[in-house]
Amino acid sequence: MTTAPPADQPEVDIRPAERADLLGVYRIETDSFSQPWPFSAFEQYLGDPGFLVAMEESVLGYVVADTVSNQGIPLGHIKDLAVRQDARGNGVGTELLRHAIGTLESQGVHAIKLEVREGNQRAIELYRAHGFEQQRSIDGYYDDGEDALLLVRSA
């Protein structure tokens, strides 16, 4: 799946993550989050349809999304999404999120949830632009005590 970029931006390819992508994914993870996932967490998602990378010449960003059962009803969960710092603001996160939503909806989910730091306004704006709405706050969700917002999008 290749996206059509604006004329002034290079073409970005969104595809399933491969083992060769893991080091690039992990570097972005550790650069982006104060509580990064361990390398082994990404290894566990290899082969899952919701583990996608944005590629140019190297990994620009990634998303990890899967489905969970909510009282027997499939619920999508965006678990992790990050874009390399020098690639932010160019629509990479938007494309990753769009593809993840499409993947989850093709699996029959009725809603998609995610947690985001209350202070991460850039991410919150991205999610709201894609139909996610705040359901509640989760006090002290992160190790540093910051609250998370639980956002949900109906499919």
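Visitor: In which strand is the place of Gly76?

Guide: Gly76 sits in strand β4. Keep in mind that this is a predicted model.

Visitor: Why does Gly76 count as buried?

Guide: Buried means under 20% relative accessible area. Gly76 has 0% relative accessibility, so it counts as buried.

Visitor: What does Gly76 touch, not counting residues up to four places away in sequence?

Guide: The cut-off for contact is heavy atoms within 4.5 Å. Gly76 touches Asp66, Thr67, Leu104, Val109, Ala111, Ile112 and Lys113. Pro16 is 60 residues from Gly76 in sequence, and their C-alpha atoms are 17 Å apart in space.

Visitor: Thr103 next. Where is its place, and why does it count as buried?

Guide: Thr103 belongs to helix α3. The limit is under 20%. Thr103 comes in at 14% relative accessibility, and therefore counts as buried. Leaving aside neighbours within four places in sequence, its contacts are Pro49, Gly50 and Leu52.

Visitor: Which other residues of α3 are buried?

Guide: Val92, Gly93, Glu95, Leu96, Leu97, His99, Ala100, Ile101 and Leu104 are buried in α3, along with Thr103.

Visitor: How do you know that the span of α3 agrees with its 15 residues?

Guide: The expected span is 1.5 Å times one less than the number of residues. For the 15 residues of α3 that gives 21 Å, and the end C-alpha atoms are 21 Å apart, so the two agree. Just after α3, Gly108 takes a positive phi of about 85°.

Visitor: What makes a set of residues a nonpolar core, and which members touch the most others in the largest one?

Guide: The members are buried Ala, Val, Leu, Ile, Met, Phe, Trp, Tyr and Cys residues, joined through side-chain atoms within 4.5 Å. The largest nonpolar core has 28 residues, of which Ile78, Leu96, Leu97, Val116, Tyr127 and Phe132 touch the most other members. Elements giving two or more residues to this core include β2, β3, β4 and β5. α3 gives the most, with six residues.

Visitor: What is Ile78 in contact with, leaving aside neighbours within four places in sequence?

Guide: Its contacts are Val63, Val64, Ala65, Leu97, Ala100, Leu104, Ile112, Lys113, Leu114 and Phe132. There is also a second, separate core of 14 residues, which includes Val25, Met55, Tyr62 and Val64.

Visitor: Why is strand β7 called largely enclosed?

Guide: Five of its seven residues, in the run 148-154, are buried, so the rest of the structure largely encloses β7.

Visitor: How do you know that β7 pairs with β5 and β6?

Guide: Pairing takes at least two bridges. Seven bridges join β5 to β7, and these strands run antiparallel. Arg117 stands opposite Ala148 there. β6 and β7 have five bridges, again in the antiparallel sense. Glu133 has Val152 as its bridge partner in β7. By that cut-off, both β5 and β6 pair with β7.

Visitor: What is the volume of the largest pocket, and how many residues line it?

Guide: Its volume is about 950 Å³. It is lined by 32 residues, and Phe33, Leu81, Asn120, Ala123 and Tyr127 lie nearest its centre. A lining residue has an atom within 4 Å of a pocket point. Elements that give two or more residues to this lining are α1, β4, α3, β5 and α4. β4 gives the most, with seven residues.

Notes. Residues numbered from 1 in each chain as written. Predicted model: local features only at pLDDT ≥ 70, side-chain atom pairs only at ≥ 80, totals over all residues. Heavy atoms only, no water. Buried < 20%, exposed > 50% of the residue type's maximum accessible area, 1.4 Å probe, protein only. Helix = DSSP H or I, 4+ residues; strand = E, 2+ residues; numbered from the N terminus. 1 Å grid on protein atoms, 1.4 Å probe; cavity = no way out; pocket = protein on both sides within 12 Å on 5 of 7 lines; lining within 4 Å. Points joined across faces, edges and corners; volume = space filled by probe spheres on them.
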